[in-house]
There are 2 protein chains.
Amino acid sequence: MPAVRLDADAWDAARLMAEHRLPGVVIVDDQDRPRCVLTGPEALGFVLPSYLLDDPALARVMDEESAEALCRERHDRTVGEVVADRGRPLPVVGLDTTLVEIALLMARERSPVVAVVADGRLLGAVTSARVLAALQSAGAGTP
Amino acid sequence: MPAVRLDADAWDAARLMAEHRLPGVVIVDDQDRPRCVLTGPEALGFVLPSYLLDDPALARVMDEESAEALCRERHDRTVGEVVADRGRPLPVVGLDTTLVEIALLMARERSPVVAVVADGRLLGAVTSARVLAALQSAGAGTP
């Protein structure tokens, strides 16, 4: 899962998620310290014009082409502005965290991703699908 | 995103998510009507032994191999039993729902997936990453 800085263009973050079919991207500060995850639904909330979010019935009476054209309008907002209004921090693990510890953290925090950090800087991220796969391949030899 | 029935083995649902690197699977009833999404973190909560979930400190003092061996133990629970204790319904759209309407629904419900239904039966599912990609390719010709 790629990382995007707080001061990056939010539109570019949405494009990254679209291109790589990602459910989210990790947001880091200017020291590459992980802060949170920007999720797909949040990116959609940013890409869509706010008056559509306020009144979804408008989307129904709008023809598809004009509605899509509206979504193309660039909004000059940074990732930091988009994620500013929520407090969900990203669960963080270190290089010595075990697979089972990561699985427990995800299950308890209901988080589909955790950040891997060394010396406070983001090294990468792990998704729940990867952890499930790792747990199951660890058990592949059993009946 | 594949669908799994309520009476399926929960372990098989977790395996499906691992194999296809999915953030979740759609759960349907015995008439193939969508009910909810089983997420990766929920699957991990099922795969892990409950005493580890109750006391995560145990994972730290356990060597990695024995912890993983515990995760291999099959729990004879159905998908329906795993998802029974929560009320988050899956957002549903029809074949005539527009791209922008789907995007709005995801943004408002904070849902990374919606089910596509005809005559009450599940036809498929759409993820937020796909919707972002579709919106952006619709605008690909603009500067």
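**View 1. P23(A) beside the rotation axis.** In this predicted model, P23(A) comes closest to the rotation axis among the residues of chain A. Its C-alpha lies at 3.7 Å from that axis. Two copies of a chain are related by a rotation about an axis and a shift along it. Here the rotation is 180° and the shift along the axis is 0.0 Å. Chain A superposes on chain B with an RMSD of 0.0 Å. The two copies are thus related as by a two-fold rotation axis.

**View 2. The contact between chain A and chain B.** Chain A gives 47 residues to the contact, and chain B gives 47 residues. Of the interface residues of chain A, 100% are also interface residues in chain B, so the copies meet through the same surface. The size of an interface is often given as the accessible area lost when the parts come together. Between chain A and chain B, the buried area is about 4300 Å². Carbon and sulfur atoms give 71% of this area.

**View 3. A salt bridge across the interface.** R110(A) pairs with E42(B) in a salt bridge. Their closest N and O atoms are 3.4 Å apart. The count of salt bridges between chain A and chain B is two.

**View 4. The largest nonpolar core.** In soluble globular proteins, nonpolar side chains tend to be buried together. The largest nonpolar core in this model has 40 residues. Those with the most contacts inside this core are I27(A), L38(A) and L44(A) from chain A, with V131(B), L132(B) and L135(B) from chain B. Helix α7 of chain B, residues 99–109, supplies the largest share, seven residues. A second, separate core has 38 residues. Among them are V116(A), L6(B), C36(B) and L48(B).

**View 5. The surroundings of I27(A).** Residues up to four places away in sequence are not counted here.

**View 6. The fold of chain A.** Chain A has eight helices and six strands. Along the sequence they follow the pattern β-α-β-β-α-α-α-α-α-β-α-β-β-α. Of the 143 residues in chain A, 48% are buried. Among contacts with a separation of 6 or more, 49% join residues 24 or more positions apart. The accessible surface of chain A is about 7000 Å². Carbon and sulfur atoms account for 49% of that surface.

Technical notes:
Residues numbered from 1 in each chain as written. Chains lettered and ligands numbered in written order. Predicted model: local features only at pLDDT ≥ 70, side-chain atom pairs only at ≥ 80, totals over all residues. Heavy atoms only, no water. Helix = DSSP H or I, 4+ residues; strand = E, 2+ residues; numbered from the N terminus. Buried < 20%, exposed > 50% of the residue type's maximum accessible area, 1.4 Å probe, protein only. Contact = heavy atoms within 4.5 Å. Areas by Shrake-Rupley, 256 points an atom, 1.4 Å probe, with all protein chains shown as cover. Least-squares fit on C-alpha atoms with pLDDT ≥ 70 in both. Core = buried A, V, L, I, M, F, W, Y, C linked by side-chain atoms within 4.5 Å. Buried area = accessible area lost by both parts, 1.4 Å probe. Salt bridge = Lys/Arg side-chain N within 4 Å of Asp/Glu carboxyl O.
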